[in-house]
Amino acid sequence: MNSGYQVTMVRKVRKLPLPGEVLVQPGQRVEPETPVARIDLRPGIPWVLPVGRLLGIESDLLPAAMLRQVGDRVRLREVIAVAQKGIYGRKEYESPTDGVIEDISHRSGRVVIREEFGREEPPISFDVAFEIGCKPRDLPRNMMKKVGDEIKRGQVVAKKGETQAFFTKTALAPISGVITEVNAQTGYVTISRPFKEVIVRAYVSGAVATLLPGRGAVVETPAARIIGAFGVGREGHGRLRVATADVLEPNAITPEDEGAILVAGGPVSRETLRRALECGVRGIIASTAGYLDIVEALGIKVGVGITGQEDIPLTLILTEGFGRLSMRENSFAALRGLEGRLACVNGATQIRAGAIRPEVVVPFPGWDGPLAEETGPEEDLALGQRVRIISEPYFGQMGVVAELPRQPEVLPTEARVPVVVVALADGTPARIPRANVEVF
Amino acid sequence: MANDSSPGSILATDCGSTTTKAILIDRDATGYRLVARGEAPTTVEAPFEDVTLGVRNAVGELEELTGRSLLGPDGLPSPGRPGSPGLFLSTSSAGGGLQMMVAGVIKSMTAESAQRAALGAGAIVMDTIAIDDGRRPHEKIRRIRDLRPDMIVLSGGVDGGTVTHVAQVAELIAAARPRPRLGSSFRLPVIYAGNVKAREHIRKVLGELVDLRVVANLRPVMEREELGPAREEIHHLFMEHVMAQAPGYATLSGWTPVPIMPTPGAVGLAMQSVARLHGTSVIGVDIGGATTDVFSVFGADQELFVRTVSANLGMSYSVSNVLLEAGADNVLRWLPLPVSPADLTNRIRNKMIRPTTIPQTLEELLIEQALAREALRLALEHHRTLARGLKGIQRLRHVGETFSQEATGQTHINLMELGFLVGSGGALSHAPRRMQAALMLLDAFQPEGVTRLAVDSIFMMPQLGVLWAVHPEPAAQVFERDCLVHLGTAVAPVGVGRPGERVLTVRGVLPTAGEVEEELLAGQLRVLPLAPGERADLELSPAWGFDVGAGKGRRARVGVQGGVCGLILDGRGRPLILPPDPPERRRKLVEWFLSVDAYPADLLKRQAGPPIRG
């Protein structure tokens, strides 16, 4: 086909985790940034309140003391329970929040109220430094919560005066939410409602093939698709630029590469990754990288083989794995043929059953040529096939299948396994376990 | 011999997450034997979505190997047909196995008991919720909601005790409105195994929301733990709910008269049976690609059974995590060759992204086995934290304990008491030389005194476990003859000696070597010939300060069993301390490996010298 790549019909399921609103129509043309579906997640915080104990009554008397029942909507400071002991022993319990009563337990004497938030409540900023009487720059030291922490109305946000309790000054949260900013210049703290808008975008440019009611849609497009061995980083897209056929050096990346997807036929180093982050490069497709370099430059660690959710601005796709190898020729030729086009990348890698590998999808929305069948990654070995060896001592070398012995053979480790004889580039035959070669 | 009710031949399958393994057991004049084993990819996921296809393919391979037709013309097991197996059994861990959440009142008491019940039944425990787990109620609620387990076990309180706390935990679960992982149409199963007095209340709180099952309290009194009823209910629900959601299982369970068991639950049964059979304490370990399971059976009557799963310690998918948790230095310390940490990390991560590759060079094999040692060591460490006595109980103490009062909840893993160590999983079962498996077990677990070692030859413990539940005799026979490869017996005196110092003298008569009187020096590793099936009575005289089970410096008379490796005398000390200097440590490792002939000697000597790479 064209310059080493094949165009197949690529279908992408774009789906929300929970039912929400679908924003596209069948047949609609979409771009990578087009929102396909959205949902406002409003994780209402449940308040578990020991009302029985606070009223000083036995747990089994709680239902009788309740003024409001399960399912009732209650307001802040609304009296929800009353206990009467003698003439003067009246005690009332006020709801500490707006919400819906979810449970009244006569066993534990507790009431559960699930807080409700309005749909578009703005975040609230208030002068905490003033309230506790400290200089704005000292505010971070006095904070009881940090940015990202969840806080409930009435909880202590910051406190000054650790030792003399009598002089302690505190600032309380006026609303429930998540602390989103602690400003050491102004002394203000911002609390936002834990609203989370989840938008699923099209990821590739193409057309909506089918709708998934309430969840999203399947987007399809004729595209060239290249699979990597390992990746990190989320979905993204940018113009494809082949930076080098060899090792990608830091000085090969310029500020003009902002938002681009760079291709290197060789490995990337720690310095190159740092430079790419500085220049705002959106993605790098390279043959290999050192694991420790990825850890150092991108600040992530890989334990079990599940990636793709890293919060990094760059998506890195390694076509061969770790160490120092060059990219296999057909992958590089395909990427070179696709230079200048819009490429969509996703670093998600999941190595367990139902394996997911990182991918580069280059859409051809107006393609009217023939579509190739997508071939599966598993192919049986055959004589004359080009293979790559994926384990030591020939790691990364390519060759041609010269012989397929029927009987298992003994390896230097003394294990008896089925082997393949591969003629290496210089013609030397190498006997390799069949599990240790990849067909391409 | 088997009695009349025993089936003539037995077909058993284990549907793993990647491979379905089938074995055929037949009866001959001497009893039951394994006839053949077949395997095929598991077909629980798309595009097949029918587990029975994989089972048929695996049985098909058995048919090819044996030349017998094992399934009827309709492709179903037909026990009545002449030539067909009389019994079909199956276990399963496909579709992610059984994932559970447990909840209790006190983290180290009832919640821990619930955790033991779930693990013992073969589950992966995703989280443990307790009143005192340090999280606020709304955090727990969110966690319950986010996890989406297959089922929940709720326990708490002794029978007749206070109801309030367990009610609080139930209310948290109710507030979370939990949903199951598979199938959105049915309600999440919750097993209540707590205070009987709270049952009515729990029914009111949870009855409408979840599929509530009530079983006997797993901690009826503080001093006693009864996990049986909860475990049975978990198995039952696993079949009824979890398996029913997995494609093809409804059909498969129609094939077998015995409920399909979760694979680790069946292995646990096998381990317990081994302990009873040999009348000794057993530790079993199964090191897989993604997880490592450790089973232990201790106690005077082998009544303390504990299983743990180290979810992220494994040899392929999780191999990078072994490196992260153990640290590169701990892996490198087992290598007799110089390898740089950067080279090691790249190689291990390449193994992670290509999990099916197998070591071709000695160097690769040594790296893989170094990782296996660390994975096993970490898994045992994890196991110790859960295999412990009940916390919070009253103990009668005598005057001798005045100055040595032990707290409750001490681990009952006593490596001196351990009689039998069984290894399983690719790294151990497929090690090119059996001695390599023996060394991995010795280095990782460091058994003390006299311990028998064995590996599972072809991983058929799941099938034998489920068979043990219905026909113990055939299971025991096949287990001893075909499943276990006895490696031999290890004798490891406890204590640390100076190099060259005598630590042990062994006297006795060995069947082939005749009368022996051998001295074992500190830092030595040696083997005496003792073939499979042979046994010998030995007198072990440890040096002053060393212990082989009878006390420091005390002589012990023991009967030892042979195996493919023989009688291993381990004088390297307990705890095993490796020389801190890398070249010295590598020299010592080479010496040990050569002295027990664990690796090809010429290759090992040749490779042990090159400079550091990378």
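In which helix of chain B is B:E364 found? Before I answer, please keep in mind that this is a predicted model, in which local features need pLDDT of at least 70 and side-chain atom pairs count only at pLDDT 80 or more, while totals for chains, interfaces and linings use all residues. Residues are numbered from 1 along each chain as its sequence is written, chains are lettered from A and ligands numbered from 1 in the order in which they are written, and side-chain values use heavy atoms, with hydrogens and water left out.

B:E364 is found in helix 12 of chain B, which covers residues 362-386; helices here are DSSP runs of H or I with at least four residues, numbered from the N terminus. B:E364 is buried, with a relative accessible area of 17%, where buried means under 20%, exposed over 50% and partly exposed in between, using a 1.4 Å probe and protein chains only. Leaving aside residues up to four places away in sequence, B:E364 touches A:E392, B:R347 and B:P359, contact being heavy atoms within 4.5 Å.

Let me turn to the aromatic rings. Rings of Phe, Tyr and Trp (its six-membered ring) pair if their centres lie within 6.5 Å, and planes under 30 degrees apart count as stacked, over 60 as edge-to-face and the rest as tilted. By this rule there are seven aromatic pairs over all chains. One of them joins A:F364 and A:W367, edge-to-face, at 5.5 Å centre to centre and with 75 degrees between the planes. The ring centres of B:F593 and B:Y599 are 4.9 Å apart and their planes stand at 55 degrees, so this pair is tilted, and both residues are buried.

A:F364 also belongs to one aromatic cluster with A:Y5 and A:W367, and the charged end of A:R341 sits over the ring of A:F364, 3.8 Å from its centre. A charge sits over a ring if NZ of Lys or CZ of Arg is within 6 Å of the ring centre and within 35 degrees of the ring normal. Between the chains, B:R349 lies over the face of A:Y291, at 3.2 Å from the ring centre.

Finally, a pair of helices. Helix 4 (residues 164-176) and helix 5 (residues 199-206) of chain B pack at an angle of about 15 degrees, with their axes 9 Å apart; axes are lines fitted to C-alpha atoms, for helices over the stretch in contact, and angles run from 0 to 180 degrees between N-to-C directions. Among the residues that meet are B:V166 and B:A170 in helix 4 of chain B, and B:I202 and B:V205 in helix 5 of chain B.

Terms used:
Helices (H or I, at least four residues) and strands (E, at least two) are DSSP runs, numbered from the N terminus.
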